[in-house]
Amino acid sequence: MDIDELRTFVEVADAGGVSPAARRLGVSKSIVSRRLGRLEAELGVQLLARNTRGATLTEAGATLRDHAARACAEIDLAREAILPTDDLRGRLRISVPLSFGPTHFAPVLAQMAKRHPQLHIHTVYSDRFVDLIAEGFDCAIRLGYLQDSSLLARRVGPIHGALVASPDYIEAHGAPETLPDLLAHEAVMQGTESWRLMDGEQVVSVHPRGRFKADNGTALVAAALAGLGIAMLPDGLIHEHVASGALVPVLTRHAPAAAGIYVVRPPGQHLARKVRVLTELLIECFEQVPRIVKPGT
């Protein structure tokens, strides 16, 4: 059986249809359909029941799916074993946050693509937490405080941040001097999250309140610049505005607890060389990230 046909079948089975599988593979729907047709013709059985909502596995398809996935994984391992150590091929599908991705991580991915001309890199930029397994990603870059999950994670660098507000907001509402003061101020925030702040050597959680919420860091920067409230933002998004005076650090004695940059991947899989190489590149770039706003200054 053709390995591309098997790999395509696994993608369709996991994605639940031809169209999402084609997007994962980076090929047309017609190519996916032809591969499936050839595989079914060779085996003499129907593997997928197609309908207007997508495709579901038949009994034969459910049996083949696990065998096919293992076969594809073994072929990938064999290719890695015989290729030169500096040669990467195949496809790397990665989820990257939209807030930092285009400015901070895209150059690393471009560098990786330049070093490995046989490697196809497919990147999805979104601040949404994607389901790596269901959506067919090899790995993801995630920021912040990593939540407990079944995913395997490797920390590749720190993220420092600061509480900031615009001069107009501070002039109108003053600046908080203590942690309790913070609760009396408007906050711009992602949702109902708590802010993890340092109190000496301890990490304390504060639950701010505010009327402006967004799931994107760049949008929160814009809100802070407009004077809508105090924001807790990473240095990478605010350093230019702090340097220009458009944003002013506040409550610097209680800096945000250091977060991290992580590469996460699905459990139970062999660590592919392409994911390991990406991880090493990210460590090289981000392991020693200088702090822009010094605590207590």
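Q: How many residues of strand β7 (residues 161-165) are buried, and is this strand largely enclosed or open?
A: Good place to start, with one note: this is a predicted model, in which local features need pLDDT of at least 70 and side-chain atom pairs count only at pLDDT 80 or more, while totals for chains, interfaces and linings use all residues. Residues are numbered from 1 along each chain as its sequence is written, and side-chain values use heavy atoms, leaving out hydrogens and water. Buried means under 20% relative accessible area, exposed over 50% and partly exposed in between, with a 1.4 Å probe and protein chains only. Strand β7 is largely enclosed by the rest of the structure, because the buried residues number 5 of the 5.

Q: Which residues of β7 point the other way from G161, L163 and A165?
A: In a regular strand, side chains alternate between the two faces of the sheet. In β7, G161, L163 and A165 point one way, and all the residues on both sides are buried. Pointing the other way are A162 and V164.

Q: Which residue of β13 is the bridge partner of V164?
A: Strands pair if DSSP finds at least two bridges between them. β7 runs antiparallel to strand β12 (residues 230-234), with 4 bridges joining the two, and there V164 stands opposite A231. β7 also pairs with β13 in the antiparallel sense, over 2 bridges. In β13, the bridge partner of V164 is P249.

Q: Which residue has a positive phi although it is not a glycine?
A: Most residues other than glycine have a negative phi. The exception here has a phi of about 50° and sits in the loop between β13 (248-249) and β14 (259-265).

Q: Which residue in the turn of the hairpin formed by β9 and β10 has a positive phi?
A: Strand β9 (residues 195-199) and strand β10 (residues 202-206) pair in the antiparallel sense over 5 bridges, with L197 and V204 as bridge partners. Between the two strands lie 2 residues. The one with a positive phi, about 70°, is G200.

Q: Which are the edge strands of the open sheet?
A: This sheet has 5 strands in the order β4-β3-β5-β14-β6, with mixed pairing. An edge strand here pairs on one side only. These are β4 (119-125) and β6 (152-159).

Q: At what angle does helix α2 (residues 18-25) run to β3?
A: Strand β3 (residues 90-96) pairs with β4 in the parallel sense over 7 bridges, and R91 has H120 of β4 as its bridge partner. Helix α2 lies across these two strands. Angles run from 0 to 180 degrees between N-to-C directions, with axes fitted to C-alpha atoms, for helices over the stretch in contact (contact means heavy atoms within 4.5 Å). Helix α2 runs to β3 at about 100°.

Q: How many helices and strands does the protein chain have?
A: Helices (H or I, at least four residues) and strands (E, at least two) are DSSP runs, numbered from the N terminus. The C-alpha atoms fill a box of roughly 75 × 45 × 30 Å along the principal axes. The count is 10 helices and 14 strands.

Q: What share of the 297 residues in the protein chain is buried?
A: Among contacts between residues at least 6 apart in sequence, 73% join residues at least 24 apart. As for burial, the share of the 297 residues is 42%.
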